[in-house]
Amino acid sequence: MAIIWKGYSVSRRHQSNRFMALAICSAMALVGLTGCEEKSETTGQVVASIDGEDITQRDIRSELLAENVQAAPQTQAQRSEVLERIISRKLLAIEAKKARLDKSPDYLAAVQRMREVILASMLVNERMQQFPTPSSAEVQQFINDNPQKFSGRKIYDLDQISTSVASLDKNELQKLNSNEEVVRYLTTKKHPFQRRRSKLDAVSLPKEMVNQIDKLPDGMPFIIANGQQLLINSKVNVINAPIGPKEQQNAAMEILKKQNVEKALEEQVNYRRKAVKIEYKPGYAPVESGASADKK
């Protein structure tokens, strides 16, 4: 029988946590940008221009950080590749402006969202700089309490099917005992899906979820409900990938600090919720955790 990991279903609290995680990841990129910049006189050095609009070294670094590349490219070929991507995007943006797409409601909404994400990321960055470093005792206790993230770390090689939750009966899915059965079921229902090989690092998972996955026989599907998307997974292979003793301390300290900042920000959000008046239109009020999933 397949498992639905309800801890990843959508509730107001989980939505808030995912936004916090997004803001924290963005803030860490900002930290990386600060750390990898060269001297100030070269940071804004112009490397190209389009009809007088400059493209600088900072633009290239920003592009790399957006792709989770922390170091600047070392060769001219790498620099040129990144620069050409920026130029292509800017040319497409010019065409979009000619078509007045920058005046559309969708564009304005996306810009507003991005502004809020950037501001939230900057706030997280500021708090991360200010937050005290966890003590050695706290770090060691965290390592002891979470072996799945350190000495017992595993990477799951998965056969993964992704599909939308719409019109699917989770009770029927739970009766299926392999991804082949899932594929036949979705095909019969003419329900669109994608199938691919994927990897899942236990570092990112709660200990309870790791324990539950480990108890499953190979090939038995387990389902992670993530909002309106279902990820139906079965283990193909499990790779032991322990983190060495020296690396454990640094990794644990980073995770702890991130968790502490996230907790502090969530408390601040909850405080602000009580301090302002929030009104919901019918059908948009938050649903309590578990209620939405149980009704489906």
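Contact here means heavy atoms within 4.5 Å. The model is predicted, so local features need pLDDT of at least 70 and side-chain atom pairs count only at pLDDT 80 or more, while totals for chains, interfaces and linings use all residues. Residues are numbered from 1 along each chain as its sequence is written, and side-chain values use heavy atoms, with hydrogens and water left out.

Select helix α6, residues 136-145; helices are DSSP runs (H or I, at least four residues), numbered from the N terminus. Its buried residues (under 20% relative accessible area, 1.4 Å probe, protein chains only) are Val139, Phe142 and Ile143. Look down the axis of α6: these residues fall within an arc of 100°, taken from the directions from the axis to the C-beta atoms, so they line one face of the helix.

The axes, lines fitted to C-alpha atoms over the stretch in contact, are 9 Å apart at an angle of about 100°. That makes the two helices roughly perpendicular (65 to 115 degrees).

Show side chains at this contact. On the α6 side, select Glu138, Val139, Gln140, Phe142 and Ile143; on the α10 side, the residues met include Met253, Ile255 and Leu256. The contact residues divide into seven nonpolar, four polar and one charged, with Ala, Val, Leu, Ile, Met, Phe, Trp, Tyr, Cys and Pro counted as nonpolar, Asp, Glu, Lys and Arg as charged, and the others as polar.

The structure holds one aromatic pair (ring centres within 6.5 Å). The ring centres of Phe142 and Phe150 are 6.0 Å apart and the planes stand at 80°, so the pair is edge-to-face (over 60 degrees). Phe142 counts as buried at 10% relative accessibility, and Phe150 is buried at 0%.

Conventions:
Rings of Phe, Tyr and Trp (its six-membered ring) pair if their centres lie within 6.5 Å; planes under 30 degrees apart count as stacked, over 60 as edge-to-face and the rest as tilted. Buried means under 20% relative accessible area, exposed over 50%, partly exposed in between (1.4 Å probe, protein chains only). Axes are lines fitted to C-alpha atoms, for helices over the stretch in contact, and angles run from 0 to 180 degrees between N-to-C directions. Angles under 35 degrees count as roughly parallel, over 145 as roughly antiparallel, 65 to 115 as roughly perpendicular and the rest as oblique.
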